[in-house]
Amino acid sequence: FVDLAECQPRAPGTCGDGAPEKLLMHISNMRPVKRLLDVVRIFARVRERVPARLVLVGDGPDRTAAEREVEALGLAPRVRFLGKVEDVAQALRWADLYLLPTQFESFGLSALEALATGVPVVGCDAGGLPEVVEHGVSGFLGPAGDVEALAAGAIALLESRERWQAASAAARERAKTFATERVVPEYE
């Protein structure tokens, strides 16, 4: 579940709203299952069509490999590794798109937090993520490891302001399904 009061979308006209560069974000413990190199490669494809930056939040065993991939692809000026952050919701408010191309995601709490913040999600149609992200509505889902398909989904969302706004609104609506005040009483 998610606390909608904590995960507020950014206010129009703030945090890069309408900025010439889009901000893509990934948050994880950077283990192999998170497919961090795919995050970097998806971003590289997006950059070919859309001015963008990538922010990677978290730390873990695959961070060094991701840093090397960023350097190898010449993306260093456009990628920032933040490490661990205390306020994930605040970090997400800066994002235009959330990338979660994991090989398997049991549920996708970070995706839910992104949706609650009004950030559409591009991820894999594996595990529990399709339960959280509605393909073609609140984001885009594709096969794990298919960098081209995931990048195409990201580009489609970022190139059309109207499509992005519709997905952002749908993301927030979808998150209401998992709101604390709704889910906890059902669970109890």
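This is a predicted model: local features need pLDDT of at least 70, side-chain atom pairs count only at pLDDT 80 or more; totals for chains, interfaces and linings use all residues.
Reader: Start with H4 and H7. How are the axes placed, and at what angle do they cross?

Author: The axes of helix H4 (residues 109–116) and helix H7 (residues 161–176) come within 7 Å, and the crossing is at roughly 120°. That makes H4 oblique to H7.

Reader: Left-handed or right-handed crossing?

Author: H4 passes H7 in a left-handed crossing.

Reader: Which residues make the contact?

Author: From H4 they are Leu112, Leu115 and Ala116, and from H7 they are Ala171, Arg172, Arg174 and Ala175. By class, this contact of H4 with H7 has 5 nonpolar residues, no polar ones and 2 charged ones.

Reader: How many residues of H4 are buried?

Author: Of the 8 residues of H4, 6 are buried, so the helix is largely enclosed by the rest of the structure. The buried ones are Ser110, Ala111, Leu112, Ala114, Leu115 and Ala116.

Reader: And what covers the buried residues of H4?

Author: The cover includes H7, along with helix H3 (88–92) and helix H5 (129–132). Strands take part too, including strand S1 (22–28), S4 and strand S5 (121–124).

Reader: What about the backbone just after H4?

Author: Gly118 is found there, with a positive phi of about 85°.

Reader: Switching to aromatics. How many pairs in the whole structure?

Author: A search of the whole structure finds 1 aromatic pair. The rings belong to Phe107 and Phe178, with centres 5.5 Å apart and planes at 75°, so the pair is edge-to-face.

Reader: Is Phe107 buried or partly exposed, and what is its relative accessibility?

Author: Phe107 counts as partly exposed because its relative accessibility is 23%. Phe178 has 10% relative accessibility and therefore counts as buried.

Reader: Next, H1 and H2. What is the crossing angle there?

Author: Helix H1 (residues 36–47) and helix H2 (residues 63–72) cross at roughly 20°, and their axes come within 9 Å. That makes H1 roughly parallel to H2. H1 passes H2 in a right-handed crossing.

Reader: Which residues in H1 and H2 meet?

Author: Leu36, Leu37, Val40 and Arg41 in H1 meet Arg63, Ala65, Ala66, Glu69 and Val70 in H2. The contact of H1 with H2 divides into 6 nonpolar, no polar and 3 charged residues.

Reader: Glu69, then. Buried or exposed?

Author: Glu69 counts as buried, because its relative accessibility is 17% and buried means under 20%.

Reader: What is Glu69 in contact with?

Author: Leaving aside neighbours within four places in sequence, Glu69 is in contact with Leu37, Val40 and Arg41.

Reader: Last one, Ala52. Where is the place of Ala52?

Author: Ala52 is in strand S2 (residues 52–58). At 0% relative accessibility, Ala52 counts as buried.

Reader: Which residues does Ala52 touch?

Author: Not counting residues up to four places away in sequence, Ala52 touches Glu21, Lys22, Leu24, Phe43, Val46, Arg47 and Arg78.

Reader: And how far apart are Ala52 and Arg68 in space?

Author: Ala52 and Arg68 are 19 Å apart, C-alpha to C-alpha, and 16 residues apart in sequence.

Notes: Residues are numbered from 1 along each chain as its sequence is written. Side-chain values use heavy atoms; hydrogens and water are left out. Axes are lines fitted to C-alpha atoms, for helices over the stretch in contact, and angles run from 0 to 180 degrees between N-to-C directions. Helices (H or I, at least four residues) and strands (E, at least two) are DSSP runs, numbered from the N terminus. Angles under 35 degrees count as roughly parallel, over 145 as roughly antiparallel, 65 to 115 as roughly perpendicular and the rest as oblique. A crossing is left-handed if the near helix is turned anticlockwise from the far one by less than a right angle, and right-handed if clockwise. Contact means heavy atoms within 4.5 Å. Ala, Val, Leu, Ile, Met, Phe, Trp, Tyr, Cys and Pro count as nonpolar, Asp, Glu, Lys and Arg as charged, and the others, Gly among them, as polar. Buried means under 20% relative accessible area, exposed over 50%, partly exposed in between (1.4 Å probe, protein chains only). Rings of Phe, Tyr and Trp (its six-membered ring) pair if their centres lie within 6.5 Å; planes under 30 degrees apart count as stacked, over 60 as edge-to-face and the rest as tilted.
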